[in-house]
Amino acid sequence: MRPIVLFILSALIYVQALGQCTLSLTEAAEMTFATNSKIKATEFQTLAAKRSRQAALSLFSPQINIHSGWVHAQKDLYIDINPLKPLLGSLDIAPLLGLDWRYTIQNRNFGFIEADITVPIFTGGKIISAVKAAKTSEQIAISQGLAQRQATFTELVERYFALSLSRSAVAVRTQVLEGMQQHLKDISALESLGMATKAEVLYVKYRLSEAEQELAAATSTLNLAHTALCTTIGTESIGELTTPIFYIQAIESLDHFITLALQSNAQLSEVRSQRQLAKQNIAVHRAEFFPEIVAMGGGGFTRNVTNILPRWAVGVGLNFKLFDGLRREYQYSAAKNTYKRVEALELATQDDIKLLVTSLYNSTTASLERILALQSSIDFATEYLQMQRDAFAEGAATSTTVIDATIELAAVRIEQLKCAFEFDTNLAKLLEAAGASDTLFDYSNSSTKHSLSYEKE
């Protein structure tokens, strides 16, 4: 047996032994969504945005602070009027003059524990705008996570069906090789009986060598497709794929997908959220022109602190920036222009998405038309090959016509598989653009679908 045949058989045995379990597209999606690092990163991003929104909501709450300390000063704080005693010597207050006329206001050692509370009353809408901006940022994170999830799913679909296509291609090439080998035995037997020429035998050997090389190339592509799908799913090996390459004879209209995309496209949703964020940014900078009013109060427990100081206090505070070199005006103007820029970007994004959906729709329908057109070619090539085999057995056809018919049937089968693969991948991309990637399962499970697979033949 030739070394190239041994290599092919070894590779096929290896791939066959890689996985004894089955794997559907749904199961592959579940595994991918559970392990994919990019999806996990967007999940953490969404969680961080959620916490930021919760932090913004706390701006409505009272702010309570506690202060404490123990102080040792250089000396006591006191009032000493003993130097005035000589001036009062003429008065009959001898008992009083004998006293120490020094009053300690504050002992050098004292401690305190105090609490103060601040409640916002009016901030010009700054807090409300900050909360709305935080909610919008969370929505942006959600849209980005959805976009990443859908992009990953499209990649999974492409690699899943690429592996299915590769396995079917290997199966078809194996059938061709086995047919060539059998035909070589037949033509060699006829040559020994003088019923075939040496040139016919050499031609069959030449075609057999080509079939071996094509099978080797298909096997190499199969190994690469297997590795790529393992990378996406996050596993080391993959067994039998139970969701075959498929097509359906008709899909919804172009207007249906455009309408769906304008409603649900993740990228467009993100741009719309960016516009809302820019709008809230305008409100935040507009609030800079208004005063801030807060209610405040405080009190606490002290030790060795003079009774002259109050133990509690309440009040209302106002803060208003009178002039800051026109910084507020320029920032407010910049925020309005940013909003206009994002608004224009939203319109441009809508046009781009319409164009993308149209392009993907045309590619999908073109693949479908090609699949249907190739089916009649497959039917003819199958019947023609059988006719040539029968004719060859009766001596009415040459080995060349049998080989050519075999190769033609294999080529048409693989071409139809490629078109079906393009249909599936283009459909996945179309649904991603429409923001409805999950509906691919509805198509794959539809009663009107047609499956294509030569893997088990």
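Reader: Which ring does the charged end of Arg-149 sit over?
Author: This is a predicted model, where local features need pLDDT of at least 70, side-chain atom pairs count only at pLDDT 80 or more, and totals for chains, interfaces and linings use all residues. Residues are numbered from 1 along each chain as its sequence is written, and side-chain values use heavy atoms, with hydrogens and water left out. A charge sits over a ring if NZ of Lys or CZ of Arg is within 6 Å of the ring centre and within 35 degrees of the ring normal. The charged end of Arg-149 is 3.8 Å from the centre of its ring, and that ring belongs to Phe-33.

Reader: Which residues form one aromatic cluster with Phe-33?
Author: Rings of Phe, Tyr and Trp (its six-membered ring) pair if their centres lie within 6.5 Å. The cluster that holds Phe-33 also takes in Phe-153 and Phe-441.

Reader: How many aromatic pairs does the structure hold, then?
Author: The count of aromatic pairs is eight.
Reader: And why is the pair of Phe-153 and Phe-441 called tilted?
Author: Planes under 30 degrees apart count as stacked, over 60 as edge-to-face and the rest as tilted. The ring centres of Phe-153 and Phe-441 are 5.4 Å apart and their planes stand at 55°, so this pair is tilted.

Reader: How many residues apart are Phe-153 and Phe-441?
Author: Helices (H or I, at least four residues) and strands (E, at least two) are DSSP runs, numbered from the N terminus. Phe-153 sits in helix H5 (residues 126-192) and Phe-441 in helix H11 (residues 440-444), so to speak distant parts of the chain, and they are 288 residues apart.

Reader: Are Phe-153 and Phe-441 buried or exposed?
Author: Buried means under 20% relative accessible area, exposed over 50%, partly exposed in between (1.4 Å probe, protein chains only). Both Phe-153 and Phe-441 come out as buried.

Reader: What about Tyr-361: which ring does Tyr-361 pair with?
Author: Tyr-361 lies in helix H9, and its partner is in helix H7 (residues 254-264), so the pair ties together parts 104 residues apart in sequence. Their ring centres are 5.9 Å apart with planes at 50°, so the pair is tilted, and the partner is Phe-257.

Reader: How far apart are the end C-alpha atoms of helix H9?
Author: The expected span of a helix is 1.5 Å times one less than its number of residues. With 67 residues (327-393), H9 should span 99 Å, which agrees with its end C-alpha atoms being apart by 95 Å.
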